[in-house]
Amino acid sequence: MNMNFYVGTKVITGLDCVKNNADEFKRFGKRCIIVTGRSSAEKCGALGDVISVLEKVGTEYIIYNKICQNPTVSSCFEAAAEALSFGANFVIGIGGGSPLDASKAVAVVIANPNISEKDLYAMNWKYTPLPVVAVGTTAGTGSEVTSVSVLTNSVGRKKSFRSDLTYPALSFGDPKYTTFMSDGFTRSTAVDALAHCTESYFNRKANDISRAFAAEGIRKLMKTFRKIAVDGTEKLDINDLEELYNASLYGGYAISVTGTAFPHALGYFLTENYGIPHGTACAVFLNEFMDYNAEVEPDITSEFYQRIGSDADEFKALIAKITPETDVKLSDKDIEELAPRWENNASLAKNYGNVDVEFVNKLLRQLF
Ligand code: NAP
Ligand code: FE
């Protein structure tokens, strides 16, 4: 099994890590655009921390705060246009996966202002993207340490690009920002991290390094999930939140090697068509993913449970307990209409065994 691994991001974590590392911002230039969602960056204190260090080191900034969940390509173009008029030398993304993924695209478009949406996704970039600094505020996507940018395209479909040029140059992870998350988003982002680790472990592209990250990420998540199962998310203290945050980075490292598998591939339509938050949309398939892999790869499955210090019963019960409930019903016609999505799908090809259209149709009928 190979040991291939590349993550081109300097990562700094821990309480007050942004404020304690002001000098780190100096090397990127004198002007930047800060890319955020609507309000959480300000509410959780991350925006204030970033502004105070920029003022300290004398870096000028503008703020683009119109990134929505499942960010649109058009908002990235809009932010890039503002950055170009301002003369930004780098991009700071603050938020969950949505603003962080958007900031990677903004960095590409600033460097390549006349690029089309098609060429953005196809990575037909003439010039190297600007550096991105990522400040994570959710414990889920691991976007802080991945090169992946998932954007909603102009026809409303979630589509991603990934390139060695779009790893954030620098990432900060201060778990105190995540104390402001709602119960629903704490759960949804946590099961997203779990999905990353699990889908990476049971993946044709997995190697020794990705499996080590995936297994350790899951061990951390399970520890916290056992607490949430008893007391809910309100009782999580800063150490628990730090475990969740760090686990999300382990998941990011793992999927940097492998990408995801069928829960993520199938989850996108639930977000696009039914507005289910990303993590929940993927996690609703996780128990079936485990059953499927137990059948097609029993040896990898038993090694997996040994490494995470659990068994199928506990693991699946915790997934069911932590994942927020969904209420989606699909008719046979709905399932038929979705079918073209599953043909030649790269993430489906990464599963062990054979996950084909027939398999997916059967699964959707069973679940919804
Ligand atoms: P998100 O879409 O970034 O944010 C979800 C919600 O949480 C928003 O309402 C946001 O508010 C709020 N929020 C964020 N941080 C908060 C905080 N500290 N306190 C209170 N509220 C907070 O959520 P996400 O799950 O992190 O990201 C999901 C996106 O990432 C999806 O588009 C998904 O496809 C993508 N993704 C990317 C990768 C990758 O490797 N790049 C991997 C998995 C998923 P505001 O809008 O006000 O900010
Ligand atoms: Fe995800």
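Helix α11 passes helix α13 in a left-handed crossing, where left-handed means that the near helix is turned anticlockwise from the far one by less than a right angle, and right-handed that it is turned clockwise. This is a predicted model, in which local features need pLDDT of at least 70 and side-chain atom pairs count only at pLDDT 80 or more, while totals for chains, interfaces and linings use all residues. Residues are numbered from 1 along each chain as its sequence is written, chains are lettered from A and ligands numbered from 1 in the order in which they are written, and side-chain values use heavy atoms, with hydrogens and water left out.

## Packed helices

Two packed helices are described by the angle between their axes and the distance between the axes. Helices (H or I, at least four residues) and strands (E, at least two) are DSSP runs, numbered from the N terminus. Axes are lines fitted to C-alpha atoms, for helices over the stretch in contact, and angles run from 0 to 180 degrees between N-to-C directions.

The axes of α11 and α13 (residues 312-322) come within 9 Å and cross at roughly 160°. That makes α11 roughly antiparallel to α13; angles under 35 degrees count as roughly parallel, over 145 as roughly antiparallel, 65 to 115 as roughly perpendicular and the rest as oblique. Leu286, Asn287, Met290 and Asp291 of α11 meet Phe315, Lys316, Ile319 and Ala320 of α13. Sorted by class, this contact has 5 nonpolar, 1 polar and 2 charged residues. Here Ala, Val, Leu, Ile, Met, Phe, Trp, Tyr, Cys and Pro count as nonpolar, Asp, Glu, Lys and Arg as charged, and the others, Gly among them, as polar. Contact means heavy atoms within 4.5 Å.

Helix α11 (residues 286-296) also packs with helix α6 (residues 183-201), at an angle of about 15° and with the axes 11 Å apart. The two helices, α6 and α11, are therefore roughly parallel to each other. Their crossing is left-handed. On the α6 side the contact is made by Val191, Leu194, Ala195, Thr198 and Glu199, and on the α11 side by Leu286, Phe289 and Met290. By class, the contact of α6 with α11 has 6 nonpolar, 1 polar and 1 charged residues.

Further along, the axes of α7 (residues 208-231) and α8 (residues 238-258) come within 8 Å and cross at roughly 150°. Helices α7 and α8 are therefore roughly antiparallel to each other. The crossing of α7 and α8 is left-handed. Among the residues that make the contact are Phe213, Leu221 and Phe225 of α7 and Leu244, Tyr250 and Tyr253 of α8. By class, the contact of α7 with α8 has 10 nonpolar, 5 polar and 6 charged residues.

## Nonpolar cores

In soluble globular proteins, nonpolar side chains tend to be buried together. A nonpolar core is a set of buried Ala, Val, Leu, Ile, Met, Phe, Trp, Tyr and Cys residues joined through side-chain atoms within 4.5 Å. The largest one here has 63 residues, and those with the most contacts inside it are Phe225, Phe262, Leu270, Phe285, Phe304, Phe315 and Leu364. Leaving aside its neighbours within four places in sequence, Phe315 is in contact with residues including Leu194, Ile218, Met222, Met290 and Phe304. A second, separate core of 28 residues includes Val35, Val91, Val109 and Tyr121.

## Single residues

Buried means under 20% relative accessible area, exposed over 50%, and partly exposed in between (1.4 Å probe, protein chains only).

| Residue | Relative accessible area | Class |
|---|---|---|
| Leu151 | 0% | buried |
| Ala265 | 10% | buried |
| Asp16 | 33% | partly exposed |
| Met123 | 34% | partly exposed |
| Ser40 | 41% | partly exposed |

Leu151 is found in strand β6 (residues 148-152).

Ala265 lies in helix α9 (residues 262-274). With residues up to four places away in sequence left out, Ala265 touches Trp342, Asn345, Ser347 and Leu348.

Ser40 is found in helix α1 (residues 40-43). The C-alpha atoms of Ser40 and Tyr177 are separated by 9.2 Å, although these residues are 137 residues apart along the chain.

Most residues other than glycine have a negative phi. Asp16, in the loop between β1 (10-13) and β2 (31-36), has a positive phi near 60°. Met123, in the loop between α5 (117-122) and β5 (132-136), likewise has a positive phi near 60°.
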